[in-house]
Amino acid sequence: MNNPGIGARDMVLVLGATGFIGSRLIPELRAKGIQIRMLVRNPDKVAELIKGDSGITAVKGDLLTGEGLSEALLGIQSAYYLVHSMGGRSIFQNKEYADKDRTAAELFIKAADVSGLRRVIYLGALGEKSEDLSEHLQSRAEIAHILSSGKTAATILRAAIIIGAGGASFEMLRYLVERLPVMVCPKWIDTKIEPIALRDVLKYLVGCLFDARTEGQSFDIGGSEILTYREMMQQYAEARGIGSRLIFRVPFLTPLLSAYWVDFVTPIPSGVAHPLIEGLKNEVICKDHRIDGIIPIDKTPFKEAVRIAFSEETDGPGISGF
Ligand SMILES: NC(=O)c1ccc[n+]([C@@H]2O[C@H](COP(=O)([O-])OP(=O)(O)OC[C@H]3O[C@@H](n4cnc5c(N)ncnc54)[C@H](OP(=O)(O)O)[C@@H]3O)[C@@H](O)[C@H]2O)c1
């Protein structure tokens, strides 16, 4: 079923347009003829995204204060919510990311109710409710709940690690495997995870916009394999042709210790790396596969996703955006 509410000349609002997912989604939407409006904190960042395309415009604003929101939502029927507040170089700098994300989502949904926004599509995270669920994964679920609480029909897509150049979790994996032929890891090394290729995520994000059956629904999206982190690291090394890695599991490494260790080996800011590492203890696999019946896609195998990420990013491990 196509979405009668969306036409090729409609304008869609993208929140988080300067991020890993947002910046890759915009060209996909433009290829479908969709006009884009972005709400951005720093308009200097978007010249590269716009590249003289008159179909993309930017409104300066900030979800944390609500600045620019009503202007950004004016005349908009559909929006993508691709935002989170993790960041900062120090672990102490960003203790409040969950509070910030809650404030941003609440301000957004309030403004959306006033503007009459018809639908919002949010990319959140897999992970089942439990006492053990990490703060980051709890926060992602809370945002899904807030975005579903207004008059706007919310579509929630829940994913685990996204394999694509520039994604924080992928870059963490890539630095660790590229730099360390021998690794000593805590028990999270054997946690199960369902990685998904960036291009598959983009297909689902675009597909949802064009299919009204996805309105007001939450879907799990995943790849073609369920792997442990250990298997993911080995398959990454195989895809890159850098030989297998020796990985030892030890009982004494706490999440905090492994976070410090990741700080030492990778350039990922601690404010991002620490919440992500805490979440490695949680199994993140798809529990529901209804999306396959609505947006059927040929899922990209993990190794192929790694190869694609590399073909897109040629200047060695890491990405300058961090
Ligand atoms: N990356 C993954 O592997 C992965 C996996 C599963 C789910 N997801 C989900 O995908 C979504 C997008 O993540 P991402 O990886 O693309 O993140 P990202 O690269 O860190 O981008 C975050 C975006 O949010 C914007 N932002 C943050 N605070 C803002 C505020 N107060 N006002 C306006 N914009 C603000 C940032 O803008 P600035 O440029 O101004 O900082 C940036 O554009 C998130 O919901 C995340 O949970 C990601």
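## A cavity inside the model

One cavity of 30 Å³ or more is counted here. Grid points are joined across faces, edges and corners, and the volume is the space filled by probe spheres set on the points. The largest cavity holds about 30 Å³ of space.

Which residues line the largest cavity? They are Ile163, Pro195, Ile196, Ala197, Gly223, Glu225, Thr300, Pro301, Phe302 and Ala305. Strand 10 (196–197) and helix 12 (302–312) are the elements that give two or more residues to this lining. Helices (H or I, at least four residues) and strands (E, at least two) are DSSP runs, numbered from the N terminus. By type, the lining has seven nonpolar residues, two polar and one charged.

## How to read the model

This is a predicted model, in which local features need pLDDT of at least 70 and side-chain atom pairs count only at pLDDT 80 or more, while totals for chains, interfaces and linings use all residues. Residues are numbered from 1 along each chain as its sequence is written, and side-chain values use heavy atoms, with hydrogens and water left out.

## Salt bridges

Side chains of opposite charge can pair when their charged atoms come close. The structure holds 20 salt bridges (a side-chain nitrogen of Lys or Arg within 4 Å of a carboxyl oxygen of Asp or Glu).

Asp190 has 30% relative accessibility, so it counts as partly exposed (buried means under 20% relative accessible area, exposed over 50%, partly exposed in between, with a 1.4 Å probe and protein chains only). Arg249 is partly exposed too, at 46%.

Elsewhere, Glu238 forms a salt bridge with Lys303, the closest N and O atoms being 2.7 Å apart. Glu238 belongs to helix 8 and Lys303 to helix 12, so this pair ties together parts 65 residues apart in sequence. Asp99, Arg102 and Glu142 are linked in a network of salt bridges.

Note on methods:
1 Å grid on protein atoms, 1.4 Å probe; cavity = no way out; pocket = protein on both sides within 12 Å on 5 of 7 lines; lining within 4 Å. Nonpolar A, V, L, I, M, F, W, Y, C, P; charged D, E, K, R; others polar.
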